[in-house]
Every structure is written in structure tokens, then in C-alpha cells.
Amino acid sequence: MALQWSSALSLGVPDLDAQHRELFERVDRLLDAMLHGDRAEAPQLAAFLREHVVLHFAAEEQLMEDLCYRDAARHAAEHQAFAASMIELDASFRARGATAELVLRLEQEVVAWLRDHVYVADVALGRYIHATLGADASWA
Ligand SMILES: [Fe+2]
Ligand SMILES: [Fe+2]
């Protein structure tokens, strides 16, 4: 497994954690498929991401608003940029199929997303949630 969700990435909010976990599993599946020269996984991941970004980002942004999170605007701007990129990529897959160039771009963007956003901005949000709500954030 190249990329794995771990409890260090937990926000303490079950729904959001489950969504992150699924994202990691799907990206890992893409990387495995690419290793085997299988491009079919890529358009499926792009289609999933198109839905995932809408639901997941809305939930995270609502939570940031509810908790008066200071860094909410910057965090949401990163969401917006990634969502726009995924919508565009999904449309490209539908129009052109799983070309090598699109598969590679998707791989680079989702891996960078996990590394630069989930591991950094989401982890910082998780720390804030834990500090604000304590161990029990299950209401959220
Ligand atoms: Fe997230
Ligand atoms: Fe986020």
C-alpha cells in the first residue's frame, strides 16, 4: 500500500473520517492499477471525486463555520481550487477517454492533494476540532 489513512489523520468526526478513508483507498487503488498498466480505474476515480468534493467539502466547510475556525477561508479556497480541477478532469475523461496524459495528471493531482491538503490543512483542522470539542466530536 503506497498511501494509507491512519488515525493520525482522524478529525474525530466519523463521517469525515470515513470519507477521507475512502479517498485514500481509492487513490491507492488507482496507483495499484497504474502499476499494472490498467487505466480503467482513473475515469472511475475522477467520477467519484467529482461527487466526493461536493459532499465532503460542504461538510468540512459547515463544520469550520460552526466552530468559527479562523483559517476557514484559506481552507475553503484550497477546496475550491481542487474541486474546479477535478470537475475539469472528469469532463476531460468523458470527452477523451483514459489517455496516458490524463491518467498521469489525475495521479499527480490526487497525490499532491493528499500530501498538501489532507496531511496539512485537514490535520490542522482536526487539531482544532480536538482542542475545541475534546475527544467526542461525534455530534458533528
Ligand atoms: Fe478533507
Ligand atoms: Fe479540507
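The following legends describe close-up views of a predicted model.

**View 1. Helices H1 and H4 pack against each other.**
Helix H1 spans residues 14–35 and helix H4 spans residues 100–133; the two pack at an angle of about 145°, and their axes lie 11 Å apart. The crossing of H1 past H4 is left-handed. On the H1 side, the contact is formed by His20, Phe24, Val27, Leu30, Leu31 and Met34. On the H4 side, Val103, Glu107, Val110, Val111, Leu114 and Val118 take part. Sorted by class, the residues of the contact between H1 and H4 are 10 nonpolar, 1 polar and 1 charged.

**View 2. Helices H3 and H4 form a contact with nonpolar, polar and charged residues.**
Helix H3 covers residues 72–96, and its axis comes within 11 Å of the axis of H4, with a crossing angle of roughly 160°. Angles over 145 degrees count as roughly antiparallel, and H3 and H4 are therefore roughly antiparallel to each other. H3 passes H4 in a left-handed manner. From H3, the residues that meet H4 are His75, Glu78, Phe82, Ser85, Leu89, Ser92, Phe93 and Arg96. Their counterparts in H4 are Leu102, Arg105, Leu106, Glu109, Trp113, His117, Ala121 and Leu125. The contact of H3 with H4 comprises 8 nonpolar, 4 polar and 4 charged residues.

**View 3. Trp113 is a buried residue of helix H4.**
Trp113 belongs to helix H4. A residue is buried if 20 or more other C-beta atoms lie within 10 Å of its own; Trp113 has 20 such atoms and is therefore buried. When residues up to four places away in sequence are not counted, Trp113 touches Phe82 and Val118. Trp113 and Phe82 are 31 residues apart along the chain, and their C-alpha atoms are separated by 7.7 Å.

**View 4. Helices H2 and H4 meet through nonpolar residues.**
The axes of H2 and H4 come within 12 Å of each other and cross at roughly 20°. Angles under 35 degrees count as roughly parallel, so H2 and H4 are roughly parallel to each other. This crossing, of H2 past H4, is left-handed. Ala42, Leu45, Ala46 and Met64 of H2 meet Leu102, Val103, Leu106 and Leu125 of H4. The contact of H2 with H4 has 8 nonpolar residues, with no polar and no charged ones.

**View 5. The largest nonpolar core draws on helices H1, H2, H3 and H4.**
In soluble globular proteins, nonpolar side chains tend to be buried together. In this model, the largest nonpolar core has 15 residues. Those with the most contacts inside the core are Ala42, Leu45, Ala46, Leu49, Met86, Leu89 and Leu106. H1, H2 (41–66), H3 and H4 each contribute at least two residues to the core. H2 gives the most, with 5 residues. Leaving aside its neighbours within four places in sequence, Met86 is in contact with Ala46, Leu49, Arg50 and Val53.
Apart from this core lies another one, of 6 residues, including Leu11, Val13, Leu125 and Ile129.

**View 6. Leu125 is a buried residue of helix H4.**
Leu125 is located in helix H4. With 21 other C-beta atoms within 10 Å, Leu125 is buried. Not counting residues up to four places away in sequence, Leu125 touches Leu11, Met64, Tyr69 and His75. The C-alpha atoms of Leu125 and Ser10 are separated by 10.0 Å, although these residues stand 115 residues apart along the chain.

**View 7. His130 is a partly exposed residue of helix H4.**
His130 also has its place in helix H4. With 14 C-beta neighbours inside 10 Å, His130 counts as partly exposed. His130 and Val13 are 117 residues apart in sequence, while the distance between them in space is 9.6 Å, C-alpha to C-alpha.

Most residues other than glycine have a negative phi.

Notes
Residues are numbered from 1 along each chain as its sequence is written. Chains are lettered from A and ligands numbered from 1 in the order in which they are written. This is a predicted model: local features need pLDDT of at least 70, side-chain atom pairs count only at pLDDT 80 or more; totals for chains, interfaces and linings use all residues. Axes are lines fitted to C-alpha atoms, for helices over the stretch in contact, and angles run from 0 to 180 degrees between N-to-C directions. Helices (H or I, at least four residues) and strands (E, at least two) are DSSP runs, numbered from the N terminus. A crossing is left-handed if the near helix is turned anticlockwise from the far one by less than a right angle, and right-handed if clockwise. Two residues are in contact if their C-beta atoms, placed from the backbone, lie within 7 Å. Ala, Val, Leu, Ile, Met, Phe, Trp, Tyr, Cys and Pro count as nonpolar, Asp, Glu, Lys and Arg as charged, and the others, Gly among them, as polar. Angles under 35 degrees count as roughly parallel, over 145 as roughly antiparallel, 65 to 115 as roughly perpendicular and the rest as oblique. A residue is buried if 20 or more other C-beta atoms lie within 10 Å of its own, exposed if 12 or fewer, and partly exposed in between; C-beta atoms are placed from the backbone. A nonpolar core is a set of buried Ala, Val, Leu, Ile, Met, Phe, Trp, Tyr and Cys residues joined through C-beta atoms within 7 Å.
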